[in-house]
Every structure is written in structure tokens, then in C-alpha cells.
Amino acid sequence: MPDAVMLAGGWRLWRQFALRGPGFPAEGVLRLAPAGLGEAADKFGDGSCGAAMSGPDWDAFAASFGAAAVRTARSLQQIAAQSAFQAAVAWQNRTVLGSGIAPFLAWQPSEKGRTSMPRQREELVAQYWQRFCVKNDTIGFFGPVGWGRFDASRPGIEVEPGDRLIAGSEVYFSSWAIDALARTIEAVPGVRRWLPPRRVPFVRVTGGEVTMPGCPPVPITLDAHQVLDLCDGTRLPARIAVTTGRPLSSVLETLGELLRRRLIVWRIEVPTSAHPDRELRRRLEAIGEADLRAAALGKLEVLERAREGLRPIVRDPAALVPALTAMESSFIELTRSAAQRDKSAKTAPCRALAYSDSRRAATVRVGHAVQDSLAPLSLCLTAARWLVHRFAEVAQDRIRAEYEKVRAGRSTVDLSELWMRCMPNPYLGAADDAERISQRMRQRWTDIIAAPAGARRVHRASADIADKVREAFDEPGRGWSLARYMSPDVFLVASDAAAAARGEVDVVLGEMHVGTNTLTQSLFVMQHPDAAELFAETDVDYPGPRLMPMLPKESMLLRWSTRNRHALIREQDYLVGPVDYTAAPDRPRTLMGADVRVAERDGELVAVLPDGTVFDLLDVFGHALTNQVMNRFALRPVGDHTPRITLDRLVVSRETWRFAAADLDFAAEKSEPRRFVLARRWRDAHDVPRFVFVVSPTEPRPFYVDFDSPVYVNILAKAARRLYRADPAAALTVTEMLPTPQQTWLTDERGARYCAELRLVAVDQNGS
């Protein structure tokens, strides 16, 4: 491929990348850092040789702090009053608008009036605001998906901002909501006979017996066997009756018996899709009785009309809130079930009936200077490949051991039986194996980097360590098909737009998503202006068919939902359902797990399909294997402090600290001015920069902290207190923010600047 971006070690970068960034300008968070307040606080020194926190000077500072706090509260009110802010909150949790935002806006800020509840509401707004301004979340118009390309004809970054922030938005149904409606419709008398039954994917029939994993074979009659063979999810009961030459009533009776024995599924099945409502409509339109069909479609149309009404008001909270409320009321009336899933419950993402995703109007081209800075990324990719290959070797042995147990005393083993034997997939103890290998990788990197004790900044020339990296990590091996992919997040640091255009850019490696191509997720594919381009990239990587498992629609454990389902599945690819069956049964190359045989060929375990096609068995377990290694790439073991590590111009590890909750001694201080001064003393004592991100075991996601902003210091203090109550020995992880809000380069049509990261896709060209 002549215009491909190639890296050493056999890696190719996709020509295009996703542009992830917030929907509000980065400078928004700086509004919450009162000018000069930090410097005034620092005049009180460290408490030993500096000024004491008492006396006239302190009183003057406390007064200025109080006045600044009131100004900050007013700024937060201005933020909370923005239509776009309220719309973003409405999509996240609209009850907050009434319980927190409305009373906050009705409050008149004053020093004495800043009691506990108003301060909590200040922090509520500030928490949402930091997410909307500096977190590169991909969700809604406040985290739109953008796109960019590598273009070696220019030196640096070229931004084409478009004529507006958002090029387009779409509203999607959560899969669980459409499934709930389907259950309501299928319960209507007369509907079931218009539903094609399907054999349970792990049920196998041989020699007049039915076999299910973990159960002894049970006999089945010839008539039941004939009907079961025809239950492929595409044939209606009437067609089965014609094929078998039996009366429909007899076939319906047999189907009822097979259903009671849990050998078939006989319901409205909605395949996994970004548009489950369309799939449901397709199935309802196949109902052959006009009255039943009209009644069923009428129920769906109620929700479809509600969704259509949301599309033009995605960013209009005044219209959005009542429209969402009306949709939920209709859903409750239709299904007699809750329209919101409890956040505290163990549920997958997408708790509401519907969600919205958007595409950013701005596009980006990245030139040769940035590409050159990415060259050391190949060393990290080589280490990530080592991690995958070593884990694949262990996993193969573990799965083989289970295969041998299943095979004992029988001639064949089917995929579903082995799959269930290995549950929880890919096998029991996989997380421990993956972590052990990851630790080995981190230790080898530590030896290669050889950072001096106590160092804050470590720079290495990639040429100086390349041989050591190859010696440590360039071992032969093989992974699984999906693991040829790596998805690194990359940040670009520029002093201003002109410097960015010239290519005067530093590059920072964020997370390395190992063994996966995250751009295959529905949330990206659905927001691409021409998804055929992504399929074309996939065809380059895999010219032939792949064998892919059908994944559940949702998973609480994996934070899996319809938004991040795999969407780059081609017609030539095979889909197999070992347990979950979430594809359309009428899709070509769709298989039942019980019909796929596991065998040994040339010393390797393989999956043999009914048509004789053979795939590496690990490919079927690929997603489960990837889940174990995806977030385990790191260059250093976990420690109290790790330095910023730079290879050439690529920062491969940002400076990070770990603090026990008890170490944040300022957190317990009740006086806000004193807490602010103590927090800055603490920051200076540990050489922590002004802007950081903090991860706490008790918080749902990382959060931004600006030590010049009292409200964000308060949020940090509260998080530390919460963690201390949960476990005094537990640690917060603090990581420098790089780039900072002042180092952003992505602009909109008005020239406002936004935080951003590039989600790249790297492909191992050495794979098969």
C-alpha cells in the first residue's frame, strides 16, 4: 500500500484515525481558577518559615478567597445556565437538572450563603464541566467523534474546522429497551406462530439422542428430531409443517415440547445492531395476519415517533427533557417495565431507553513531522506483541487441558461444550496469567530504560535502546487473529496553532489498547462519513474470512453494550454462537457452536466448520483473550513515583504518583482557605504539577484537578476522604496532564480550542 504509514518491526498504521475530544472548549475549566489566588496562597509558605495562617495578612487573604469563591460560584451558575450544558446533563442524568442544577441556579451566591448544600452543587457542576471540557470521552454532542488522516505532503497538523462544531447527530435505542418491547409483543396471543423457532446453539442431536454440555444424553423421538432439525431461526412453524408433511397443530405441539425441554428458542429475537428498532420492524413485518401485524407495529411506532421527535432537539434542553419523559411514559405503558435501569445495579452501560452520538465537523490531517515523531512507537508495539504472544502460549495450554478433559472417552468435541468447560472465558485464572506476564514485560522495560533513582524526566534515544528492546521482546510466537491489532491513543502537544502547522509538536502516548482495534466499535463506525473506508482497511488486514464469536448484547463485567459492539463484520466472515446467539439467523456463514468441531491438527487445536473450513481455535476465544490483556500495557511496575519517559520526541510514559488517602493531609481541613493553602503546600512538597488527572478506587472514572482552582481542590479532598473511609491504605493515582488546557491545537469554526487525542490503529504485518 503506497500511502500506508509504516513503522519498524513490521507495523502498519491505518491511514485514518479517530479524533476524540470534548464538545466544550478547554479554556472552560480555566474559568474556575481565580486569577492570582494561587500566588496569594503561596505567600503563606510551608508553615515553618513562611507567614502563619493568622493575623491581618491571613484575614485579608481569607477575605479575598471568600470573594473569589463567590465569583467562582457565579461562573458555575453561568456554566450551568448554558443550554448546551443542560442538554449534555440531560442525556447523562436529567433528574440532576431538577434536583441539583435548578436549585443551584435559583440560589444567590454569597460568602455566608455558601453552606454545605450550595457547595455540593458547585462541585456537581464542576464535575460535569471538567468532563465536558477536558475528558476525551466519546459520547453525544459533548464528546463527538471526529476523523483525521495521515498526510505526508504537509509538515504538521492541519485542522479543517468546518462551519459548525457538530456535523450531524443521531439518536439510537438501547438494545435492552427494544428487547423489552419485543417480549411484550411476543406475549400477544397468536403472535408466536409467526415466529421462526431456533435450536439452542449448544444443543447437538446425534443417534436419536440430544446432548447438551455438562448433561447426559437424553432420547428424542424421530418426529421431534425432524422438527428440531428445521428450527434454524428462519423457518416459520407453517413451513416446518409443510416440510415434514405434518399438520400445523402437531408441529406447534412438538415445538411447545421442545421449548419446555429448553432445546429451542421461540421468541422475537432482535439481532445485535446499532439500530435494533429496524431489526424488530423487519421481524414484525413478517407477521402474516394483518391485524396482529398492525397491532405489533403500532407498539413499535410509538417509540419510533418518540425517537424521531428527539433528533432535532438533541441540544435543546427545554424540549429534550419533556420529550425524554414522554418517551419513558410511553415505554412504561407499553411494556409495564421500568424505563431507566438503576445506576447502582449491576447493569451494562446505556441505562436509558435511548442515547445520542455525534460526528465532529472538524477534520485533521497530520503531516510527516508528527509521523517521524511516532517512530519510537514501534518499540512499544513490539513489547505489546510480546505480551500477546506469551499470553497466547499460556492460554493455549490452559484451553488444551480443558479440551483433553472433554475429549476423554469420546470421539468428537464440539465448540460449545469446550466453551462452557472454559467458562468464565477464556478460562479460570486467565487474569492472573495475564497480570504475571504483564509484570514481566514491565520489569524488562524498567531494565531497558534504567531510570536513575528519583528522576523526574528520563530521555532515551530510540536508536540506543532498539537492540535491547528487540532482545527482550522480539521473540517468535503467535497470538490470535484479533490480536494483530493495537490501538494506541496519542496526544499532540503544541504551543500554538502556528507551531502545530509547522510540525513543532511533541507527541504523547496515552493508553495502548492491546490486542484490539477499537475503531471497529459501533460508536465509531456509525459516526464515520463513509464506513466503507473502514471496511476497506479491514480487507487489507484480513483478505480472507475470519471466524468470530457472537458476543452477548451486554455485559456488566466488561462494560459492554450495543455502542461498543464489533461493527466491522463483513459478509465473508463466519459468526459462531457457542452460547449467546445474537446475529440474524438468515445471515450467511452463521453457525451454531454445537455444529463446530474442535480437533487437533499438526499439534494445534483448531475449529472445524461444517463446510470443512478450519480456523485456529484461539480465534474463537479472541475477544475473551483480548479482554485480559487490553489494558495491561505499561513501561514500569506500579510504584510510588514513576518519571516521565521520552523516546526521541515521543513521551511514552507520563509522570505519575501514588498516594495513600491518608497522605493527603489537607483533605481533612474544614476551612476552605486553609485547605487551599495546605493543598498547594502538599503539591509543592511532592513536585506535583498544576494540572493532573486523579484515579481513585472509589470514584467511577478519572477526574481532572487544577491546583489553582479551589473547587477542584475541594473535589480532590472529598475523594481522598471518601477513599480513606473505605480503606485508609488504599491509594490514589495522580498523573500529570499532558497536554495541558493551554497546549491544545484542535479548533472550531470560531477559533476556540479543544482537548483532543488521536485513536490510532496499528496492524502487525507479521501476522497471518
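1. A cavity, on a 1 Å grid over the protein atoms alone, is a set of points where a 1.4 Å probe fits but cannot get out, and its lining residues have an atom within 4 Å of a point. Grid points are joined across faces, edges and corners, and a volume is the space filled by probe spheres set on the points.

2. The model is predicted, with local features needing pLDDT of at least 70 and side-chain atom pairs counting only at pLDDT 80 or more, while totals for chains, interfaces and linings use all residues. Residues are numbered from 1 along each chain as its sequence is written, and side-chain values use heavy atoms, with hydrogens and water left out.

3. Strand 17 (547-549) and helix 23 (622-629) each supply at least two lining residues, and strand 17 gives the largest share, three residues; helices (H or I, at least four residues) and strands (E, at least two) are DSSP runs, numbered from the N terminus.

4. The second largest cavity has a volume of about 70 Å³, and its lining includes Leu-32, Phe-65, Arg-114, Glu-672 and Asn-714. Helix 3 (55-81) and helix 25 (710-726) are the elements that give two or more residues to this lining.

5. On residue classes, the lining of the largest cavity divides into six nonpolar, four polar and two charged residues, and that of the second largest cavity into five nonpolar, two polar and three charged. Here Ala, Val, Leu, Ile, Met, Phe, Trp, Tyr, Cys and Pro count as nonpolar, Asp, Glu, Lys and Arg as charged, and the others, Gly among them, as polar.

Note on methods:
1 Å grid on protein atoms, 1.4 Å probe; cavity = no way out; pocket = protein on both sides within 12 Å on 5 of 7 lines; lining within 4 Å.
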